[in-house]
Amino acid sequence: MRSGTRNRELAALVPVALLLTAGFAAVFAQESSRLGNLSVIYGAYFFAVCLATHIYLRIRLPDADPYLFPLMALLTAFGLVMIYRIDESLARDQANWFVLGLVLFALTIQFLRDYEILERYRYTIAAIGLLILMAPRLPGIGEQVNGAYLGVKVGPLSFQPAEFSKIAIVIFLASYLRENREVLIVGARRILGVTLPPLKHFGPMLVVWGASMFMLVFIRDLGSSLMFFAAFLALLYVATGRFSFVVIGMAMFVVGAWFFATTVPHVHQRVEIWLHPYHDPRGAGYQILQSIFAQADGGLFGKGFGQGLITIPGAHPPAALLPAAQTDTIYSLIVNELGLFGACGVILIYLLIAARGFKVALLANDGFSKLLATGLTAVFSIQAFVIIGGVTRVIPLTGVTLPFVSYGGSSIVANFVLLALLLLVSDRARREAVQPAGRDLALGVT
Amino acid sequence: MAYDPISVALKFGFLAVLYLFLLVIARSAFKDLRRTTSPAPDATGFHSAPGFAEAPGGVDAWLVVERGGGLERDQRFDLIGGLSIGRSKDSDVQIEDRYASGLHARVFERGGRYFVEDMNSTNGTLLNGATLKGEAELIDGDTVQIGDTEFRLEVQ
């Protein structure tokens with residue numbers, strides 16, 4: 001079982017490296033009209049890095065889920081090829097971030113083997129998570145991008161705190177709900193056919209709701225706000241099994257978001273662009289419209305790697321045909337160059353990651369592990385939904401990154417830490433599932 | 001554009017390998033799922049799935065089905081976190097009993113002792129055959145009757 005699990009991971013990493021090589025080869029073939037062996041070298045580098053990580057996992061977490069790492073490596077490969085095709089130097093940065101992310105991934109596994117310790121420091125973790133979330137509003141280090149306060153810049157380093165605080169907040173919520181789920185269920189009353197949580201335990205729910213509304217106003221980012229709150233509702237649902245709580249929560253979010261969308265100018269503007277992009281097609285609506293045109297232009301199979309247009313040819317000064325192609329609209333570029341099939345492939349990767357993640361939660365043997373795995377999976381998938389939904393005009397476009405694909409150090413590094421936690425939970429759960437004694441005990445009751 | 005055929009071949013090759021890869025992973029995920037799915041003994045929600053049962057403190061008391069309610073005789077429900085009993089889907093112990101209310105009664109632990117409380121049900125709850133008013137303590141072997149459904153408390 002043990003070596004089998006890891007062998008499957010190794011086997012899955014080979015096609016991932018092949019895909020990266022093929023992607024680079026296609027880009028080179030297009031750009032310089034020559035096929036060198038550079039793509040093979042890049043592919044070999046990539047495979048070597050993945051192999052090193054794989055060997056580390058073989059030693060440290062022999063029973064962890066075999067497909068989570070290859071799936072995320074595949075997303076990274078997508079990102080590297082696409083970013084390289086946009087700008088070589090950005091791709092070099094991204095590759096460095098990828099390696100740094102894997103180092104942090106290894107460190108997390110090394111030092112958080114007993115991840116229950118996180119439960120003990122949950123209030124500290126929550127406080128740090130919220131503090132760094134607000135850091136972008138601090139004068140001097142805060143950075144405002146397109147009206148939203150998302151980045152922090154200290155000297156040459158800049159990072160997006162929301163990427164890290166999402167993990168902190170999930171850890172806190174998992175721990176909090178593990179302890180309080182019983183009271184939330186038992187104290188629930190039915191009023192007019194709706195099961196309401198007990199009033200005094202309703203407090204924390206209001207706090208989380210307040211926090212996400214606060215983010216909407218303070219950081220002015222609908223995407224992060226939605227991401228955090230949806231992850232919270234997913235956790236609440238899994239912890240209590242009460243669908244009515246989720247409905248109440250969603251209603252609260254919609255009311256709050258609607259209120260702020262009509263009163264806060266920045267949020268209002270985002271919603272306006274979303275609903276009526278043609279009011280200002282060369283200004284505010286430009287990005288979303290170009291994003292949709294790029295996707296439509298891709299057709300079924302796309303134009304091929306390196307063949308999509310990102311900048312307007314011959315324009316002086318250079319003008320972007322697809323603004324923020326390496327971050328916000330990278331998904332549109334993938335659709336443009338690989339078509340509907342490529343797009344479905346990317347979405348399938350996220351779906352499979354979500355499936356594997358929830359599987360980890362199903363197998364986990366204690367409440368905290370279950371909720372942690374659920375929360376991490378939920379926040380990761382919802383992030384993908386928020387940005388893919390944004391560029392396809394399902395929801396207003398916001399500056400959330402496409403996990404592992406978009407250019408950005410914080411995003412890559414934070415998501416590898418998230419993966420490390422998920423694998424830690426998975427390793428323990430699967431090891432315990434193999435030993436029948438623990439399993440029978442867990443099944444005997446109910 | 002001299003390399004166009006190569007680009008096209010690479011593109012389709014890429015998509016083909018991508019989908020094959022995803023297919024293999026999806027298939028193995030399905031296989032995994034079939035192998036590890038344990039029959040869910042109740043349909044009341046995830047919260048009573050195995051795992052949550054092992055909350056700190058351990059399980060030491062159960063509500064055991066004696067008869068009725070559309071439940072299997074000797075089916076056990078652990079008391080960790082308390083149990084709500086009723087006809088509604090939201091109850092921890094969902095019973096099919098025409099005399100039961102949506103949320104009929106609850107059984108819970110407090111300070112190492114066990115209690116049953118009638119939640120203002122229409123037809124009432126019987127504790128060892130006598131009508132229960134408000135809440136009352138339960139000891140090992142006590143029976144709780146709701147309509148035609150009967151439970152027994154079992155303490156380890």
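This is a predicted model: local features need pLDDT of at least 70, side-chain atom pairs count only at pLDDT 80 or more; totals for chains, interfaces and linings use all residues.

Reader: How many helices and strands does chain A have?

Author: Chain A has 16 helices and five strands. Helices (H or I, at least four residues) and strands (E, at least two) are DSSP runs, numbered from the N terminus.

Reader: And what percentage of chain A is buried?

Author: Of its 446 residues, 53% count as buried. A residue is buried if 20 or more other C-beta atoms lie within 10 Å of its own, exposed if 12 or fewer, and partly exposed in between, with C-beta atoms placed from the backbone.

Reader: At what angle do α9 and α14 of chain A pack?

Author: Helix α9 (residues 222-240) and helix α14 (residues 367-391) of chain A pack at about 145°, with their axes 8 Å apart. Axes are lines fitted to C-alpha atoms, for helices over the stretch in contact, and angles run from 0 to 180 degrees between N-to-C directions.

Reader: Which residues make that contact?

Author: On α9(A) they include L226(A), A231(A) and L235(A), and on α14(A) they include G375(A), A378(A) and I382(A). Two residues are in contact if their C-beta atoms, placed from the backbone, lie within 7 Å.

Reader: Which residues touch the most other members of the largest nonpolar core?

Author: They are A231(A) and L235(A), in a core of 140 residues. A nonpolar core is a set of buried Ala, Val, Leu, Ile, Met, Phe, Trp, Tyr and Cys residues joined through C-beta atoms within 7 Å. Not counting residues up to four places away in sequence, A231(A) touches V170(A), G375(A), A378(A), V379(A) and I382(A). Another core, of 21 residues, lies apart from the largest one and has L79(B) and V107(B) among its members.

Reader: Turning to chain B, what is the strand order in the open sheet of five strands?

Author: The order is β4-β3-β5-β6-β9, with mixed pairing. Two strands pair if DSSP finds at least two bridges between them. The edge strands, β4 (93-94) and β9 (135-138), each pair on one side only. Strand β6 (residues 113-118) of chain B runs antiparallel to β9(B), joined by four bridges, and F115(B) has E137(B) as its bridge partner in β9(B).

Reader: What about the open sheet of six strands?

Author: That sheet of chain B has the order β2-β1-β11-β10-β7-β8 and antiparallel pairing. In chain B, two bridges join β7 (residues 126-127) to β10 (residues 143-146), and L127(B) stands opposite V144(B).

Reader: One last topic: are F404(A) and D74(B) buried or exposed?

Author: F404(A) counts as buried because it has 27 C-beta neighbours inside 10 Å. D74(B) is exposed, with 9 other C-beta atoms within 10 Å. Phi is near 75° in F404(A), a positive value in a residue other than glycine, and phi of D74(B) is also near 75°. F404(A) is in the loop between α14 and α15 (409-434) of chain A, whereas D74(B) is in the loop between β1 (61-67) and β2 of chain B.

How values were computed:
Residues are numbered from 1 along each chain as its sequence is written. Chains are lettered from A and ligands numbered from 1 in the order in which they are written.
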